[in-house]
Structure formats: C-alpha cells, structure tokens
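Please go through the structure shown here. The briefing below covers its rings and its sheet.

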Amino acid sequence: MADILTLPQEARSRIAVELEKHREPKMPTHRKKYKRDRHKRVKLAFFRYCYYDPAFKFFAEQVLDVDYLTLPEATRRTTEIGEQNSTDYVCTPFKHILGDYVEALEAGADILVQFGGPCRLGYYGELQEAILRDMGYQFDMLNFSRGIEEGAIGWTKQCLKLVNPDINIPHAVRQLAATANMAVKLDEARDFYLANAGFERERGAFKRAWASYEDALRAATCDRDINEAFRAAMDAMRAIPLDKPADPVRIGVVGEMFTAIDERSNLNLDEKLMGMGVEVHRMMNLTNRYVRYNEPNLRRGAADYLTYDMGPTSTLTVVAARKYAQEGFDGVVHAKSAGCTPEIDCMPVLQQVSADFSMPILYLTYDSQTSDTGLDTRLEAFYDMLSMKKEKTK
C-alpha cells in the first residue's frame with residue numbers, strides 16, 4: 001500500500017471520510033464536574049470583638065461567600081500598633097480596632113470590615129482606612145457606615161461591588177437572618193454564663209462548655225446548625241453543678257457599647273466579678289442594641305429620667321441601670337472608654353438613679369494605660385461594700 005502521506009490531498013480526504021464511517025462509536029465519558037469560583041477568592045477580616053467571632057465568620061462565608069480570616073488572641077503589640085498610629089484624641093476602641101486591622105493585613109486579609117457603631121466610631125472607618133493606606137497597605141474597606149442612607153440596598157450594593165459580584169441574593173438574605181439568629185443565641189447563652197459561672201463547683205467548667213459552643217457555631221452552615229449548637233450548649237451549662245447561694249451579690253454592667261462588652265477593652269471585667277462570686281447581668285449586647293432595639297419604647301421605660309434620645313448607647317445605659325435598681329440589684333458598674341462623650345453625659349442621670357434607689361454605682365473609665373492592679377483594687381473595694389451593705393439589710 002502506498003504511504004497515505006504521499007497521496008494527493010483529494011485522495012487523502014476521501015480516505016479520511018471512509019475511515020470515519022467505519023470508526024467505532026465513541027463512548028460518553030463521565031467527568032466529575034468541579035464547581036468553579038465565580039469570583040476571585042478573597043480573605044475578609046473583622047476586628048476582634050468579644051465573643052462574636054463565630055457570627056462574623058458565618059456572615060463572611062455564608063452570606064458574602066468569601067474566605068474568613070480568624071485573628072489569634074490580641075497581644076500587647078496589637079494595642080501598641082494602634083496607639084502609635086492614632087491621635088491621642090480618639091477613644092481606646094479606635095486604637096484597638098486599628099491594631100487588629102494591621103495584624104489582619106499582615107496575615108493576608110484583602111478586605112477589612114468596619115460596621116462602626118452608633119457613636120462617632122461610625123465615622124472612624126474612613127479615618128482608619130486613610131491611616132492604613134498611609135502606612136502602605138493595599139486593601140478594600142467594607143464600611144457599613146457608607147450607604148447608610150439607602151439602608152439594606154446601599155449595603156448590598158457595597159457588598160456586590162467590593163466583595164463578590166456574584167452573591168446569590170435570596171440565599172444571602174436567608175443566611176443574613178441566620179447570622180442575626182446566631183448573634184441572639186450567643187447573647188442568650190452568654191447571659192446564662194454571666195449569671196452562673198461565678199458559682200461553678202469545678203473551676204473552668206463553664207469556660208470549657210463555652211469553648212465547645214463556639215467551636216460548634218464556627219462549623220455551622222445554616223440556621224438549624226445554629227439552633228442545635230445552642231440547645232447543646234445550654235444543656236451542657238445547665239448540667240454544670242453549682243454552689244450558688246439563695247441571694248447572691250448581683251451586679252449589673254452598663255456603659256459604652258464596645259468597652260462594656262469587650263473583654264480586652266474592659267480588662268476582663270466580667271471574669272473578675274464572677275471570680276468574686278457575683279451574679280453578673282449586662283443588657284448591652286448586639287441583640288439589644290441592634291436586633292431588638294427600639295429607641296422610643298426604651299425611652300418611655302425611663303421617662304422619669306429621659307425626655308430625648310441622649311445618643312448612641314445612653315438610653316440603654318439609663319434604662320438598664322433603672323431596671324437593675326427596680327429589681328433590687330446590689331450595685332451597677334458603669335464602664336466606658338476615656339473621652340466617650342455620650343456616656344459622660346449619662347453620669348449625672350445615673351447619679352440620680354443611684355440616689356433614688358440607694359444603689360451604689362462604680363464608674364470605670366478605661367484607656368490604654370489602665371492597669372489590672374488598679375482595677376482589681378477598685379472592684380474588690382466595691383464588692384466588699386456591697387457585701388457589707390447586704391449583710392446589714394438582712
């Protein structure tokens with residue numbers, strides 16, 4: 001047979017057609033289909049904020065569909081970075097958050113989230129972004145203070161533009177509701193923790209139960225997972241044996257939103273009080289400030305002391321203090337950062353509440369130089385005073 005390559009082009013074409021007629025049919029192949037990322041995978045980071053990290057993670061992964069960067073525990077270096085790159089006139093939370101952002105960027109974050117706060121902290125996102133860019137960092141800032149005039153529509157536009165243009169909106173809305181549910185469940189579990197952990201028979205039992213709860217929430221991918229983790233955590237904490245007196249010393253914590261909640265900002269105020277055998281209560285949390293917040297209703301609940309909205313967390317501070325006084329609490333601790341104007345304005349009102357109900361209030365102001373030793377001394381003296389007063393009234 002002559003070599004096919006030496007034949008004219010017309011002859012080779014005819015041979016190719018004939019060969020194609022007699023070729024065995026090609027069997028279909030079943031290849032595994034891999035999901036293709038519809039957008040470039042990016043790493044997103046929040047600042048550190050008490051026990052809400054699982055909710056931040058859920059929001060990033062389940063709502064925005066991006067990778068979440070979990071930050072390790074803050075160190076003294078974190079605070080120093082924030083202090084060195086901030087003006088002296090900003091509040092301590094600003095410095096803490098700035099230090100968190102620097103460490104997040106060093107760890108590879110592409111997007112930083114600033115949901116700000118109801119106070120001037122809500123304006124700090126732009127300033128923090130400017131400082132970080134002056135320091136040479138390249139990143140995107142998802143600042144929820146922007147677009148606030150459009151509400152959910154404005155924030156959605158931001159997320160689509162800066163984070164992920166292919167967000168599945170109906171799915172994201174469902175998961176956003178689940179994020180709010182997670183915040184509520186975290187706060188409900190924390191309320192039980194604060195009221196009972198100071199009386200555990202086995203030291204550290206509540207901390208272990210709480211750590212397991214956080215791990216379960218970090219693995220959650222839907223509302224059902226969140227609810228199951230909450231039920232398991234509550235069952236575990238209720239099963240912990242307690243040595244709780246019938247009438248323990250009860251202290252309510254009120255104050256500025258960041259400092260009153262965040263353990264780093266208030267130098268573990270809750271743990272210090274519980275370590276003395278105190279039943280701790282705190283109305284200030286994300287649930288009561290955002291999910292279920294109703295300013296007019298709250299103000300009517302403290303009409304004897306408030307006529308107008310005093311500012312970011314002031315109404316909740318006064319309402320909570322009055323509630324604790326009416327319920328016979330032994331005392332209140334008012335925690336704020338240095339220079340927090342709204343909470344400074346609250347102090348004369350709190351003094352009136354204290355006088356009306358004969359309930360002592362301890363005023364704590366925190367800055368980056370506040371020491372553990374000085375705080376311990378003041379808390380111990382406050383506790384001793386409440387204990388002696390309680391004994392006299394029996």
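**Rings, charges and a sheet**

The charged end of R289 sits over the ring of Y290, 5.6 Å from its centre. A charge counts as over a ring if NZ of Lys or CZ of Arg is within 6 Å of the ring centre and within 35 degrees of the ring normal. This is a predicted model: local features need pLDDT of at least 70, side-chain atom pairs count only at pLDDT 80 or more, and totals for chains, interfaces and linings use all residues. Residues are numbered from 1 along each chain as its sequence is written, and side-chain values use heavy atoms, with hydrogens and water left out.

**Rings**
- R190 lies over the face of Y193, 4.3 Å from the ring centre.
- The structure holds 22 aromatic pairs (rings of Phe, Tyr and Trp, its six-membered ring, with centres within 6.5 Å; planes under 30 degrees apart are stacked, over 60 edge-to-face, the rest tilted).
- Among them, F46 and Y68 form a tilted pair, at 6.4 Å centre to centre and 55° between the planes.
- F46 lies in the loop between strand 1 (43–45) and helix 2 (53–63) and Y68 lies in strand 2 (residues 67–68), so their pair ties together parts 22 residues apart in sequence.
- Helices (H or I, at least four residues) and strands (E, at least two) are DSSP runs, numbered from the N terminus.
- Both F46 and Y68 are buried (under 20% relative accessible area, with exposed over 50% and partly exposed in between; 1.4 Å probe, protein chains only).

- Four strands form an open sheet in the order 6-5-7-8, with parallel pairing (pairing takes at least two DSSP bridges).
- Strand 6 (278–281) and strand 8 (361–366) stand at the edges with a single partner strand each, so one side of each has no neighbour in the sheet.
- Strand 5 (residues 249–255) pairs with strand 6 in the parallel sense over four bridges.
- I251 stands opposite V280 in strand 6.
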